[in-house]
Amino acid sequence: MPEFTNPFIGKVPERKLTHEELIRAIRLDIAAEHEAVHIYMAHAEATDNPVARQILIDVANEEREHIGEFERLLEILTDGEERRWRDSGRREVNEMIAGISSDEDETTADGRERTVGSLKDS
Ligand SMILES: [Fe+2]
């Protein structure tokens, strides 16, 4: 969220960013895009004005594209390390989902959780 009361918040430093500082800056930029999506969608949900809703949602979706651009840039800047961590996280979630799916086998045909008693019925 911009801090308009601080006139120095957007001041460009005297020197250029190092590579590591650039990576951190892009992470901050990604967070700012997520925050923008949150704000625009909250405003869209808070109004009945159809034109305002449509524009807010459209702009929120454009911010989502920006997130993708920054994430791709982060992959490039980190020489693929960022992508490997994200892929690892995705695999973990997929494994959790697979675990949840197999847990569904522990429910009865009508969706009730199996108990020792219901196991005797099957
Ligand atoms: Fe953006």
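Helices are DSSP runs of at least four residues, numbered from the N terminus. Glu-82 and Arg-86 share one of them: both lie in helix H3, 4 residues apart, or about one turn of the helix. The model is predicted.

**Helix H2**

- Helix H2 runs over residues 50-77 and has 28 residues.
- From its first C-alpha to its last, H2 reaches 41 Å, close to the 40 Å expected at 1.5 Å a residue.
- At the start of H2, Asn-49 makes a contact: a side-chain oxygen of Asn-49 comes to within 3.0 Å of the backbone nitrogen of Val-51.
- The buried residues of H2 include Leu-56, Ala-60, Ile-67, Leu-74 and Leu-77.
- Glu-63 and Glu-75 are also on the list of buried residues in H2.

- Asp-79 sits in the loop between H2 and helix H3 (81-103).
- Asp-79 is not a glycine, yet its phi is positive, at about 55°.
- Asp-79 has 66% relative accessibility, and the cut-off for exposed is over 50%, so Asp-79 counts as exposed.

- Side chains of opposite charge can pair when their charged atoms come close.
- The count of salt bridges comes to 8.
- One of them joins the side chains of Arg-86 and Glu-71, at 3.2 Å from N to O.
- This pair links distant parts of the chain, with Arg-86 in helix H3 and Glu-71 in helix H2, 15 residues apart.
- Both partners are partly exposed: Arg-86 has a relative accessible area of 22%, and Glu-71 has one of 24%.

**Salt bridges within a helix**

- In H2, Arg-72 forms a salt bridge with Glu-75, and the closest N and O atoms are 3.0 Å apart.
- Arg-72 and Glu-75 are separated by about one helical turn, because they are 3 residues apart in helix H2.
- Arg-72 is partly exposed at 46% relative accessibility.
- Glu-75 has 13% relative accessibility, and buried means under 20%, so Glu-75 counts as buried.
- In H3, Glu-82 forms a salt bridge with Arg-86, and the closest N and O atoms are 3.1 Å apart.
- Glu-82 counts as buried, at 11% relative accessibility.

- Salt bridges that share partners join Arg-72, Glu-75, Arg-83, Asp-87 and Arg-90 into one network.

Technical notes: Residues numbered from 1 in each chain as written. Predicted model: local features only at pLDDT ≥ 70, side-chain atom pairs only at ≥ 80, totals over all residues. Heavy atoms only, no water. Helix = DSSP H or I, 4+ residues; strand = E, 2+ residues; numbered from the N terminus. Expected span 1.5 Å × (residues − 1). Buried < 20%, exposed > 50% of the residue type's maximum accessible area, 1.4 Å probe, protein only. Polar contact = N/O pair within 3.5 Å; in protein donor to acceptor, adjacent residues only side chain to side chain. Salt bridge = Lys/Arg side-chain N within 4 Å of Asp/Glu carboxyl O.
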